[in-house]
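Me: I am new to this structure and would like to walk through it with you. Could you show it to me, so that I can ask a few things?

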Amino acid sequence: MRIPLARALALALVPVLAFSVAGCAKRGAKTDLPYVARDVGTLYSAGKQRLDQRQYKLAAALFDEVERQHPYSVWARRAQLMGAFSYYLNQDYSEAVASAQRFLAVHPGNRDAPYAYYLIGISYYEQIADVTRDQKITQQALDSLGELTRRYPNTRYAADARLKMDLVRDHLAGKEMEIGRFYEGRGQWLAATTRFRTVVDNYQMTTHVPEALLRLTEAYLALGVPMEAQKAAAVLGANYPGTDWYKRAYDLMQKNQDKLAKAQNPAAS
């Protein structure tokens, strides 16, 4: 997933920031070099050359050097974003985020600000781990992509961010389901219900909702509240009538008709 996205980003960034200049220098990421004064064009062109050669770590270091030696130049502003982009391509996501955030702190109203927000969002997005891991990064991806869509809703970056946000929400819902199933397997029905309810209430457009409604049906029956189970099964049937999840919920409610009848008419029991 990362390689095609990187190419797309390169196409998006180059028309805005690239310059046809040449030169050479060297600096490892986060490794200090002896200070050797160079003119801004030479430094910037060296970074661009390294970027074109896919030497992303060196490119990032050279763009950082532009900012260090010529902090008040127009080139420094461009170099900040090019450096962040280079860090991103090198999968050095924490540095990419830091560089883009520094750009926004200094140039909040710049025309390239949407791209800086986008770099932050996708840098978090690329670090999303499977649902068995902590999802702090996943939430950071959702928050930063959401910030982009709120601030710059009509940009091409926002359009892509919305697609990624749907995937991120589905991932977060999957984490809630994993925890809920864990509690259910241990017979901790109240804790399980809380997780499944979160999916239904907060992640309504994700693929996990049908299963969450089935699990709520199971959990409510186990908790002795069959009328709540019936409500969950009814919502499942109304919205996902042809799914196996609904068939299982329907069969489960049929097997528990006596419990439901007693709950509906307690005086008769």
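Me: In which helix is the place of Ala98?
Reply: Before we start, this is a predicted model, where local features need pLDDT of at least 70, side-chain atom pairs count only at pLDDT 80 or more, and totals for chains, interfaces and linings use all residues. Residues are numbered from 1 along each chain as its sequence is written, and side-chain values use heavy atoms, with hydrogens and water left out. Helices here are DSSP runs of H or I with at least four residues, numbered from the N terminus. Ala98 falls within residues 93-106, and that stretch is helix α5.

Me: Is Ala98 buried, partly exposed or exposed?
Reply: Happy to explain: buried means under 20% relative accessible area, exposed means over 50%, and partly exposed is in between (1.4 Å probe, protein chains only). Ala98 has a relative accessibility of 32%, so Ala98 counts as partly exposed.

Me: How far apart in space are Ala98 and Tyr87?
Reply: Along the sequence, Ala98 and Tyr87 are 11 residues apart. Going from C-alpha to C-alpha, their separation in space is 9.8 Å.

Me: Is Lys175 buried or exposed?
Reply: Lys175 sits in helix α8 (residues 156-185). Leaving out residues up to four places away in sequence, Lys175 touches Val131, Thr132, Arg133 and Gln135; a contact means heavy atoms within 4.5 Å. The relative accessible area of Lys175 is 16%, so this residue is buried.

Me: How are α2 and α3 oriented to each other?
Reply: Two packed helices are described by the angle between their axes and the distance between the axes. The axes of helix α2 (residues 40-52) and helix α3 (residues 56-69) come within 7 Å and cross at roughly 160°; axes are lines fitted to C-alpha atoms, for helices over the stretch in contact, and angles run from 0 to 180 degrees between N-to-C directions. Angles under 35 degrees count as roughly parallel, over 145 as roughly antiparallel, 65 to 115 as roughly perpendicular and the rest as oblique. That is why α2 and α3 are roughly antiparallel.

Me: How many nonpolar residues does the contact of α2 with α3 have?
Reply: Residues of α2, including Val40, Leu43 and Leu51, meet residues of α3, among them Leu58, Leu62 and Phe63. Ala, Val, Leu, Ile, Met, Phe, Trp, Tyr, Cys and Pro count as nonpolar, Asp, Glu, Lys and Arg as charged, and the others, Gly among them, as polar. By class, the contact of α2 with α3 has 2 polar residues, 3 charged ones and, as the nonpolar count, 11.

Me: Which residue forms a salt bridge with Arg150?
Reply: A salt bridge is a side-chain nitrogen of Lys or Arg within 4 Å of a carboxyl oxygen of Asp or Glu. Arg150 is exposed, at 57% relative accessible area. With the closest N and O atoms 3.0 Å apart, the partner of Arg150 is Glu147.

Me: In which helix do Arg197 and Asp201 both lie?
Reply: The side chains of Arg197 and Asp201 meet in a salt bridge at 3.4 Å, N to O. Arg197 is partly exposed at 33%, and Asp201 is partly exposed at 40%. They are 4 residues apart, about one turn of the helix, and that helix is α9.

Me: How many salt bridges does a search of the whole structure find?
Reply: One of them joins Asp251 with Lys247, the closest N and O atoms being 3.2 Å apart. Salt bridges that share partners also join Arg181, Glu184, Glu211, Arg215 and Glu218 into one network. For the whole structure, the search finds 16.

Conventions. Helix = DSSP H or I, 4+ residues; strand = E, 2+ residues; numbered from the N terminus.
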